[in-house]
Amino acid sequence: MLAAVDHVQLAAPPGSEESLRGYYVEVLGMTEIPKPPVLAARGGCWFRAGAVQLHLGIEKDFRPAKAHPGLRVTGIEAFAARLRAHEAEVTWDDNLPGHRRFYSEDPVGNRLEFLEPLGSAA
């Protein structure tokens with residue numbers, strides 16, 4: 001029986017770790033978590049915010065995909081303003097009933113969806 005999503009893995013091109021750290025830590029406010037040494041040798045980096053984990057793995061022939069994680073946030077307007085203040089693009093989308101949501105991209109072009117159910121505390 002499935003109990004929870006442990007993490008989501010996204011791909012990134014070789015040598016992109018520093019720009020990813022800047023985005024996921026400084027812009028999104030996540031914390032970098034250490035990779036086990038055997039996995040760290042492959043490159044990439046892992047991040048956490050509360051129970052949410054995103055793993056960025058290095059892919060030699062990287063191409064960003066439309067597939068993306070949907071990340072629930074609180075105070076979505078303030079969160080969008082935080083991204084814009086760091087010069088990250090914010091594209092609002094009203095097509096999910098019962099939610100406010102927007103899309104953005106990390107420095108390597110991975111699509112990220114941020115959403116908050118309507119009626120949540122802002």
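Tryptophan 92 is partly exposed, at 28% relative accessibility. That value falls between the 20% limit for buried and the 50% limit for exposed. This is a predicted model. Tryptophan 92 pairs with one ring, joins a cluster and sits under a charge; the points below take these in turn.

**Around tryptophan 92**

- Tryptophan 92 and phenylalanine 102 form an edge-to-face aromatic pair. Their centres are 5.1 Å apart, with 65 degrees between the planes.
- Tryptophan 92 belongs to strand 6 and phenylalanine 102 to strand 7, so the pair ties together parts ten residues apart in sequence.
- Phenylalanine 102 is buried, at 0% relative accessibility.
- One aromatic cluster is formed by Phe79, Trp92, Phe102 and Phe114.
- Arginine 100 places its charged end over the ring of tryptophan 92, 4.0 Å from the ring centre.

- Four strands make an open sheet in the order 5-8-7-6. The pairing is mixed.
- Strand 5 (70–72) and strand 6 (91–92) are the edge strands. Each of them pairs on one side only.
- Strands of a sheet pair through backbone hydrogen bonds, in a parallel or an antiparallel sense.
- Strand 5 pairs with strand 8 (residues 111–117) in the parallel sense, over three bridges.
- Leucine 71 has phenylalanine 114, in strand 8, as its bridge partner.
- Helix 3 (residues 76–85) packs on the sheet. This helix touches strand 6, strand 7 (99–105) and strand 8. The direction of helix 3 makes about 15 degrees with that of strand 7.

- The charged end of arginine 111 sits over the ring of tyrosine 103. The distance to the ring centre is 3.9 Å.

**Aromatic pairs across the structure**

- The whole structure holds five aromatic pairs.
- One of these pairs joins tyrosine 24 and phenylalanine 47, and this pair is stacked. The rings lie 5.1 Å apart, centre to centre, with 20 degrees between the planes.
- Tyrosine 24 lies in helix 1 (residues 17–27) and phenylalanine 47 in strand 3 (residues 45–49). The pair therefore ties together parts that are 23 residues apart in sequence.
- Tyrosine 24 has 0% relative accessibility, so this residue counts as buried.
- Phenylalanine 47 is buried too, with a relative accessible area of 0%.

Methods
Residues numbered from 1 in each chain as written. Predicted model: local features only at pLDDT ≥ 70, side-chain atom pairs only at ≥ 80, totals over all residues. Heavy atoms only, no water. Pairing = 2+ DSSP bridges. Helix = DSSP H or I, 4+ residues; strand = E, 2+ residues; numbered from the N terminus. Contact = heavy atoms within 4.5 Å. Axes fitted to C-alpha atoms, helices over the stretch in contact; angles between N-to-C directions. Phe/Tyr/Trp six-rings, centres within 6.5 Å; stacked < 30°, edge-to-face > 60°. Buried < 20%, exposed > 50% of the residue type's maximum accessible area, 1.4 Å probe, protein only. Lys NZ or Arg CZ within 6 Å of the ring centre and 35° of its normal.
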